[in-house]
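Please open the structure in your viewer and keep the selection tool at hand. The tour moves from stop to stop, saying at each one what to select and what you will find there.

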Amino acid sequence: IVNCALLSAFYLSMDRKPSLEEMTQYYKEAMMIKPMLLFCKISGKNKFSKKDIESLNQSSKRRDGDRNPYSWNFDVIMHEDGYTACFTSCGICTLMKELGIEEIIPAMCRLDYTMSEASGASIFKRDYTLASGGPYCDCRYIRK
């Protein structure tokens with residue numbers, strides 16, 4: 001959510017609002033620096049491990065979005081080839097909608113694909129997003 005607040009402040013301070021494509025590219029370049037690339041590769045080595053899945057399940061049970069509107073609620077659905085994290089509340093959507101800049105939410109959401117690609121462990125797919133009016137965000141991670 002800190003990155004969301006920073007990107008929002010940056011966007012709101014601009015006289016000329018960049019296109020969604022420009023914001024998407026800017027956010028990708030700002031985030032995918034060497035330490036993040038290293039993080040993605042390291043976390044990719046543990047993706048789908050028993051410890052990773054247990055941690056994911058524990059996080060989903062906390063229901064952080066119930067206590068903090070700028071956090072997330074999600075459920076985990078296991079599949080033979082991976083899992084889906086099904087988000088029913090999203091801190092990014094909440095903050096950007098409050099700020100009246102929901103048009104750039106997809107710039108942040110796109111990073112999920114980029115980080116999955118950088119991990120080398122999974123293929124990321126999503127059919128629905130809260131940002132586009134969907135009932136949830138279905139973040140599907142398929143084992144490579």
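Which residues have the most contacts inside the largest nonpolar core, and how many residues does that core have? The largest nonpolar core has 35 residues, and those with the most contacts inside it are Tyr83, Ile92, Met96, Met108 and Cys139. A nonpolar core is here a set of buried Ala, Val, Leu, Ile, Met, Phe, Trp, Tyr and Cys residues joined through side-chain atoms within 4.5 Å, where buried means under 20% relative accessible area, exposed means over 50%, and partly exposed lies in between (1.4 Å probe, protein chains only).

Before going on, note that this is a predicted model, in which local features need pLDDT of at least 70 and side-chain atom pairs count only at pLDDT 80 or more, while totals for chains, interfaces and linings use all residues. Residues are numbered from 1 along each chain as its sequence is written, and side-chain values use heavy atoms, with hydrogens and water left out.

Leaving aside neighbours within four places in sequence, tyrosine 83 is in contact with several residues, including Phe48, Ile53, Leu56, Val76, Met78 and Cys139.

Now select β1 (73-79) and β2 (82-89); helices (H or I, at least four residues) and strands (E, at least two) are DSSP runs, numbered from the N terminus. These two strands form a hairpin with two residues between them, and they pair in the antiparallel sense over seven bridges, where pairing requires that DSSP finds at least two bridges between two strands. If you pick out isoleucine 77, you will find threonine 84 of β2 standing opposite. In a regular strand the side chains alternate between the two faces of the sheet.

**Salt bridges**

Side chains of opposite charge can pair when their charged atoms come close. A salt bridge is taken as a side-chain nitrogen of Lys or Arg within 4 Å of a carboxyl oxygen of Asp or Glu, and by this rule the count comes to seven.

Select aspartate 64 and arginine 67, whose side chains meet in a salt bridge with 2.7 Å from N to O. Both lie in helix α5 (residues 64-67), three residues apart, about one turn of the helix. Aspartate 64 counts as partly exposed because its relative accessibility is 21%, while arginine 67, at 59%, counts as exposed.

Then select aspartate 81 and arginine 140, which form a salt bridge whose closest N and O atoms are 2.6 Å apart. This pair links distant parts of the chain, since aspartate 81 is in the loop between β1 and β2 and arginine 140 is in strand β4 (residues 137-143), 59 residues apart. Aspartate 81 is partly exposed at 30% relative accessibility, and arginine 140 is partly exposed at 24%.

**The loop between β3 and β4**

For the last stop, select arginine 126, which is found in the loop between β3 and β4. Is arginine 126 buried or exposed? Arginine 126 counts as buried because its relative accessibility is 14%. Its side chain makes a polar contact of 2.8 Å with the side chain of aspartate 112, and the side chain of arginine 126 also reaches the backbone oxygen of cysteine 109 at 2.9 Å. A polar contact is a pair of N or O atoms within 3.5 Å; within protein, one must be able to donate a hydrogen and the other to accept it, and residues adjacent in sequence count only if both atoms are side-chain atoms.

In the loop between β3 (122-125) and β4, select threonine 129 as well. Threonine 129 is buried, with a relative accessible area of 17%, and a polar contact of 2.7 Å joins its side chain to that of serine 132.

Notes:
Contact means heavy atoms within 4.5 Å.
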